[in-house]
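Hello,

Here is the structure I promised to pass on to you. Please have a look at it first, and then read my notes below.

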Amino acid sequence: MELLMAVSIGVLTACGIYLMLRARTFPVVMGLMMLGYAVNLFLFSMGRLATEAPAVIGRAETHADPLPQALVLTAIVIGFAMTAYVVILIIRGRKTLEHDYVDDRVNERDHGVAEQGLSKRAVPMPPTPASAETDGEPRP
Amino acid sequence: MSQHLLILPILLPLFTGAVLLLFSGARLAWKRPVNLVASLVLLLVSVLLLLRVTEAGTQVYVLGNWVAPFGIVLVVDRLSALMLVITAVLAIPVILAMSAGTDRTGQNFHGLMQFQLMGLNGAFLTGDLFNLFVFFEILLIASYALLVFGGGRARVAASMHYVILNLFGSALFVIAVGLLYGVTGTLNMADMALRIAALPAEDVALVRAAGLLLLVVFALKAALLPLGMWLPAAYASAAAPIAALFAIMSKVGLYAIFRVHGLLFGEMAGPLAGLGQSLVWWLALATMLLGILGVLGARDLRTLLAWQVIVSVGTLMAGWSLGTQEAWTAALFYMVHSTWMTAALFLIAGVVVARRGDAKDSFMVDARVASPAVGLAFIAGAVALAGLPPLSGFVGKALLLQAAGFSGDMTVFWVLMLCAGLAGLLAFSRAGTSLFWRGPVADATTATTASTDQPSMPLMPALLLLAMSVLLVAGGGPILDYLAATADALLQPTELIRAVLGDRYLPGGA
């Protein structure tokens, strides 16, 4: 079970970080969620792994540490709220920035330079195949 | 009743914020006074707590009577009380400045402001590591919403970086907390300090990893060099009063480093004592250098100020990594000063933006701000921030240099400190010349016709904060005594540990 836990945490973290480095909003959100799962599993395992050990004293011979489970609950709630906020933010960003890159390389205060920035961006960053039609070009 | 004073800095903003959100459809004329009065009461409570801590030492509030280390405790020591007062003093001018009309450009500023204060105060008060994480999340989610307040391309773009980086930081924070809990079996920071002091040799590496992870998280919030590149865009694009409020946000990371690393990895920690200090020293110096370059390269006032924040973060972290009582006293003084003065200048930048119309605060020759009052306030703020006498910046820098001493190791630090002052002076002179001297006079009519969405911005809140600089110098003696005692208590945390754990604490450790 230890090996399974360790491998799952490792794989989830690796996927999460890989997706975050994609630097486009949807993969980044997916990456953050995966990282969140990895963190929750990790936090859970900090109470030591045991089977047939409920987190209540007196129900079985051994009992699990209830505190990490409470912490995981808190972390899940917070992660849920934060994910909801990020999703709203990227929808807003998609509308305002007119692209779905995390890095708004235009970085200017006014909209005048936006189009020039868009055409520059389309060159070095090949769009992912599935979204090539919609993401690569500026919106009308 | 009076023992419940300790939890008021959390409950008061919580309920005020909840009420303000509940009646979010109410008129601003009604919300503004509620927000302001709540913050004034908060200031009063914070000052009372500060006085009580000065008189009676560290105060502990045991939530739900769950005895430490089993429940969560709130701890007010000198550092916490100081941070509460800094925050409350900062909040009032910010609310005044926003209430002049900028709060109309978005929704729910007043409620968000109270939640921001709640998160900040909670982070300063809690004595529990996981609770610190929770309050960090509260202050962060409020700051996410405040950063995009008013909307616009630059804010959304900067906010994207800020939010995603901080979410990643939160993940690291939870990993570090989990690791520390897994090794020490406690979340109470005082108890954890004792467990770390009596750590078996085979667990040292794990705790070191966790401590360094925490340092990464806090350095991300404080914007230390490799992790601080989000800051200039975020601060420069936020509405000016909100950027002023964010002056405290980067100091939260610093507070956490002083608190967590001072307590867990202090002298008692044996092989882990002073964890990360030598690494942070060089990173801090590099941060200062980068900040100086940024200050010189800035093309508008708010970006210039954002880079000044980076310079002050580098200075403060360098002061922290010196690790002596004198250095920490000086760093704490500099922290108070730089928080208030950066905020004052952000508020002045807000005035400039409001009066110059489309030119905003960029250093191009366009409509100039003809008001002598604004110009003089700008000079005062620039003198304070660049570290010239007679204002508080000079005192802070002199103390830091004195604490560093003049030895060969410190050459780089001295050079960077003096260059930071020079760069600040140059940049502010150039800024002042183009904003206040050159170009045609910006009168109120051109400003309002050029951009109708530009709300007015009063100068008075900035003057309030500038007055605090005078106060810092005039009351320098008592303030420095207080800060010296704070630094002592941070370096020798036995008083805090005894206050939290009571009789269970044995002086020999474990």
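This is a predicted model: local features need pLDDT of at least 70, side-chain atom pairs count only at pLDDT 80 or more; totals for chains, interfaces and linings use all residues.

Seven residue pairs, both residues at pLDDT 80 or more, are in polar contact between domain 1 of chain B and domain 2 of chain B.

How many residues does each domain bring to the contact? Domain 1 of chain B has 44 residues in contact with 42 residues of domain 2 of chain B. Between them the two domains bury about 3600 Å², and 84% of that lies on carbon and sulfur atoms. On the domain 1 side, the residues that lose the most area to domain 2 of chain B are B:L224, B:K251 and B:F258, which together make up 18% of what that side buries.

At least two residues each come from α3 (78-98), α8 (204-222), α9 (231-237), α10 (240-246) and α11 (249-264) of chain B. Which of them gives the most? That is α3(B), with 10 residues on the side of domain 1 that touches domain 2 of chain B. By residue type, this side of domain 1 of chain B divides into 34 nonpolar, nine polar and one charged.

Enjoy exploring, and best wishes

Notes. Residues are numbered from 1 along each chain as its sequence is written. Chains are lettered from A and ligands numbered from 1 in the order in which they are written. Side-chain values use heavy atoms; hydrogens and water are left out. Contact means heavy atoms within 4.5 Å. Buried area is the accessible area (1.4 Å probe) that two parts lose on being put together, summed over both. A polar contact is a pair of N or O atoms within 3.5 Å; within protein, one must be able to donate a hydrogen and the other to accept it, and residues adjacent in sequence count only if both atoms are side-chain atoms. Helices (H or I, at least four residues) and strands (E, at least two) are DSSP runs, numbered from the N terminus. Ala, Val, Leu, Ile, Met, Phe, Trp, Tyr, Cys and Pro count as nonpolar, Asp, Glu, Lys and Arg as charged, and the others, Gly among them, as polar.
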